[in-house]
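I set out to record the pockets of this protein and the residues that line them.

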Amino acid sequence: MTTTDATTTTAGSHAAGHFVPENLPTRIQHYIGGRFVDSVSGRTFDVLDPVSNQTYATAAAGQQEDIDLAVAAATEAFENGPWPGMKPRERSRILNRIADAIEAQDARLAELETFDTGLPITQALGQANRAAENFRFFADLIVAQADDTYKVPGSQINYVNRKPVGVAGLITPWNTPFMLESWKLAPALASGCTVVLKPAEFTPLSASLWAGIFSAAGLPDGVFNLVNGIGEEAGDALVKHPGVPLISFTGETTTGQTIYRNCAANLKGMSMELGGKSPAIVFADADLDAAIDSTLFGVFSLNGERCTAGSRILVERTVYDDFCARYAARARNIVVGDPHDPKTEVGALVHPEHYAKVMSYVEIGKTEGRLLAGGGRPAHLAEGNYVSPTVFADVPPTARIFQEEIFGPVVSITPFDTDEEALALANGVKYGLAAYLWTGNLTRAHTFAQAIEAGMVWLNSHNVRDLRTPFGGVKASGLGHEGGYRSIDFYTDQQAVHITLGAVHTARFGAA
C-alpha cells in the first residue's frame, strides 16, 4: 500500500453510517523507479468516497516535473534494463505471477474498489477476476506469438521483427478502474514496453496496489511507474512528453479530441476508446424475456457507468407497450443501496460532480420523454450519490437524452415500425461503440448487424466479450482497436527485414 500515515479504520467499521474497509491509506503517493514518492511540489488533492462524499485520503498531485521523473525511470528501464530483452516465456511467468496475486487478494481488491467507486461489491469482485484473466491471457499470447515470413524461392527471404515501442503512456478512467488498468498494463508489459500509468483522479485507491503486486511478482524496477493527478495537469504532461511514443486512453470523447491534438506534435501512436450511446434493438420476434433481462443488465449494471451501456433501447411497435411495462416494473424493483451489501444491484455514483451531471439529465429527460421509473434520488437514501434506475419512454431521436452520453442509470426507450427505421435510429447519433440486437431471424441478425455503425455488435446477448476479439469504436467512440493480437500490434513496431539469396541484380547507374 502507499500509505505512510496511520489509519484508524477497522474491518467492518462504519463511518457516517456505512462500511469502511480496514487499513485505508490516508496518503496516496506516486510510484516512480521502484519507490513511493510525493510530488516534487508537495501538491495533493482530496479523494472522496461516494457514499459519504467525505475526504478519506489525500493523493499526490502530479505535475510536469513528476511526469518527467516517471518517464526518465521508464526510459532507463527500457534502454538499460532486462525487461524488453527477456524471452517471451520469462515475461509470461511474471505475468502469470501477477495474475495469481490478483486472484489471491480478489476480495480485498473488490472491497477497496467498491469503497472508492461505489460499484456494488458483487460486480467489483467480477472485475477483479477479469483483471487477473487479462494478465493470464496476454501471458499465453506472447508465448504463442508468431510473426510472418515471406519467401521468394531462390531470390529472397523477408521476415517481420517485432520490437516493443518504448515507454507507453496509459491514461485510465474512473469506472471499473482496476480492471481497465489491467486491460492496458497487461498487453503493454507483455510486449516488452515500460509504462507510465496516470489513473483517474476520482479513483486512485486500487491503482496504488499495482506497485506491490508487480514488485512481488518480479517485475524489474522502473518498468511500471504511476503518477496520480488531474487530467489537465499530469495527464496533459504525459500526452505531450516527447519521450513517450504512444498513448492509450480510455475516457470521454471531448478529452479524447484534446489528446488527439496534443499527440500530433510528436506524431505519437494513439489508441483511444471514447464515449458511447449504444443502441439495443429489440424486434417483435425476439425472446422478450431474455431481451428484458439483458437490456436491464446492460444499462443498470456497474451503476450505468459503462462505456458500452445499451442506453438507447429501440423496440418494434407491435411489442412496444408490453416491453415498456415489463421493463419499467423490473427497473422499479432494482435494489439500490450500500455498495458493500451483496444484495445491492445499483450503488452510489462515483463523485458528486458526476452525480450532479446525471441528475441534470434526469431533469432534462422529464421534458423529453414519458417517465416510467425512477426520476430522482431513492427515498430511503438521503445521503450519497444515489440515483434511482430511471426509465424514459417515447423518447424522440432529437432528444438530448437520446443523443448525449449520460453515463449513469438512465435509459431511453423509442419505438420503431420497420427495419429501415430501426437502422436509422440506431445510427442516428455521433457515437459508434457498441450495439445489441435481439431477433429470432438469422438473416436479419447478420445483415442488420453489419449495417450498424458500431465497433462491436452483440446478437441476442449482453456484453460478453472474448478477449481475442478487437475492442474499439467508430465515429466519436474511438480511434484504433485493442484486444488480442491487435493490442500486441499497438505496443510493438513491426520491422521488415529483407535478405537476398544469390546474386544481386541492380541497375549500374554511372557505370561506363
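I worked from a predicted model, in which local features need pLDDT of at least 70, side-chain atom pairs count only at pLDDT 80 or more, and totals for chains, interfaces and linings use all residues. Residues are numbered from 1 along each chain as its sequence is written, and side-chain values use heavy atoms, without hydrogens and water.

Entry 1. I noted about 1000 Å³ of space in the largest pocket, volume being the space filled by probe spheres set on the points, which are joined across faces, edges and corners. Its lining (residues with an atom within 4 Å of a point) has 39 residues, and W174, F249, G251, E252 and T255 are the closest to the centre.

Entry 2. I found that α8 supplies the largest share of this lining, six residues (helices are DSSP runs of H or I, at least four residues, numbered from the N terminus). Domain 1 (27-274 + 477-496) and domain 2 (279-459) both contribute, so the largest pocket lies between them; the bounds come from an automatic or database domain assignment.

Entry 3. I turned to the second largest pocket, with a volume of about 550 Å³. Its lining has 23 residues, with Q127, M179, L302, R306 and N463 nearest the centre.

Definitions and conventions. On a 1 Å grid over the protein atoms alone, a cavity is a set of points where a 1.4 Å probe fits but cannot get out, and a pocket is an open set with protein on both sides within 12 Å along at least five of seven lines; lining residues have an atom within 4 Å of a point. Helices (H or I, at least four residues) and strands (E, at least two) are DSSP runs, numbered from the N terminus.
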